[in-house]
Amino acid sequence: MLEVTGLSAGYGRIPVLRDIRMSSTAQTCVGVLGRNGMGKTTLLRALIGELPAMAGSLHFAGEDLSKASAHQRARAGIGYVPQGRQIFPYLSVRENLRIGCVKDFANAESTTERILAYFPRLQRLLDQPGGALSGGEQQLLALARCLCGKPKMILLDEPTEGIQPSICDEIIETLQRLRKEQGLAVILVEQDIDFLCALSDRILIIENGQLVDEVDPAHTNAETIAERFMSFHS
């Protein structure tokens, strides 16, 4: 589904990512683990097209999106849930979800009903303003809003930051269902290694803007992954 080759990106003339090579298929979750400032968020911004690439190529679902804008990549089926959620605090939960239905606004009601089936906690909050929700509920809303755009793949940036463990568990369960039932692919940037292991089929370690290692969480426990992660900056 996703094939990235030789991707380099940065801010102005300052390079951050160097020669990124990665791929993903339908139903697969690829985790990305790294310290602050190592290029994790920059990687997601480059994949969604918010940050133009300096070099390299990106193919998605058989289409060359190397020069495509963020809008074009979203239309092609790449969704993005940024760090900090970025919901609309003065709009209701229902209105936030409807804004996510950019691909098919005429059928926004049926789309939101379909997505809400995966988010029972949000169903009782539909008339509440987004800003009145807890941090965990806002994260669920940000994820649900992204899914209203009918993506084939979502990019998630630190979804567990500042939220309670029970909602972390809900996110894991919901994403597992969506992968199985909808074929959803996920690129997950996360510092919580237990959360990362629970969702990821493989974990890429990023250091100084380069992917330096790959770990199979099915055959490596979280403690060993943490030790390998720490070995790159000891």
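Here are some friendly notes on a predicted model, to read with the structure open beside you.

1. **Confidence.** The average pLDDT over the protein is 90, and 94% of the residues score at least 70. Which elements sit at the two ends of the scale? Helix α9 (residues 222-231) has the lowest mean pLDDT, 66, while β8 has the highest, 97. Where pLDDT is low, the predicted coordinates should not be read in detail. Please keep that in mind when you look at α9, with its mean of 66.

2. **Helix α7.** Now find residues 165-182, which form helix α7. This helix has 18 residues, and from its first C-alpha to its last it reaches 25 Å, close to the 26 Å expected at 1.5 Å a residue. Just after α7 comes Gly 183, which takes a positive phi of about 70°.

3. **The buried residues of α7.** Which residues of this helix are buried? They are Ile 167, Cys 168, Ile 171, Ile 172, Thr 174, Leu 175, Leu 178 and Arg 179. As you go through that list, remember a general point: an α-helix has 3.6 residues a turn, so residues three or four places apart point the same way. The buried residues of α7 pack against several elements, including strands β3 (29-33), β7 (153-157) and β8 (185-189). Helices α5 (120-123), α6 (135-147) and α8 (193-199) are also among their packing partners.

4. Strand β9 covers residues 202-207, and strand β10 covers residues 210-215. The two run antiparallel and are joined by five bridges. One of the pairs to look for is Ile 203 with its bridge partner in β10, Val 215. Two residues lie between the strands of this hairpin, where Asn 208 takes a positive phi near 50°.

5. **Glu 207.** This residue belongs to strand β9. Is Glu 207 buried or exposed? Its relative accessible area is 9%, under the 20% cut-off, so Glu 207 counts as buried. What does its side chain meet there? A polar contact of 2.7 Å joins the side chains of Glu 207 and Arg 35.

6. **Ser 57.** Finally, turn to strand β4 (residues 53-60), where you will find Ser 57. Ser 57 counts as partly exposed because its relative accessibility is 22%. Leaving aside residues up to four places away in sequence, Ser 57 touches Glu 3, Val 4, Thr 5 and Ser 66. Val 186 lies 129 residues from Ser 57 along the chain, and their C-alpha atoms are separated by 19 Å.

Key: Residues are numbered from 1 along each chain as its sequence is written. This is a predicted model: local features need pLDDT of at least 70, side-chain atom pairs count only at pLDDT 80 or more; totals for chains, interfaces and linings use all residues. Side-chain values use heavy atoms; hydrogens and water are left out. Helices (H or I, at least four residues) and strands (E, at least two) are DSSP runs, numbered from the N terminus. Buried means under 20% relative accessible area, exposed over 50%, partly exposed in between (1.4 Å probe, protein chains only). A polar contact is a pair of N or O atoms within 3.5 Å; within protein, one must be able to donate a hydrogen and the other to accept it, and residues adjacent in sequence count only if both atoms are side-chain atoms. The expected span of a helix is 1.5 Å times one less than its number of residues. Contact means heavy atoms within 4.5 Å. pLDDT is the predictor's confidence in each residue, from 0 to 100. Two strands pair if DSSP finds at least two bridges between them.
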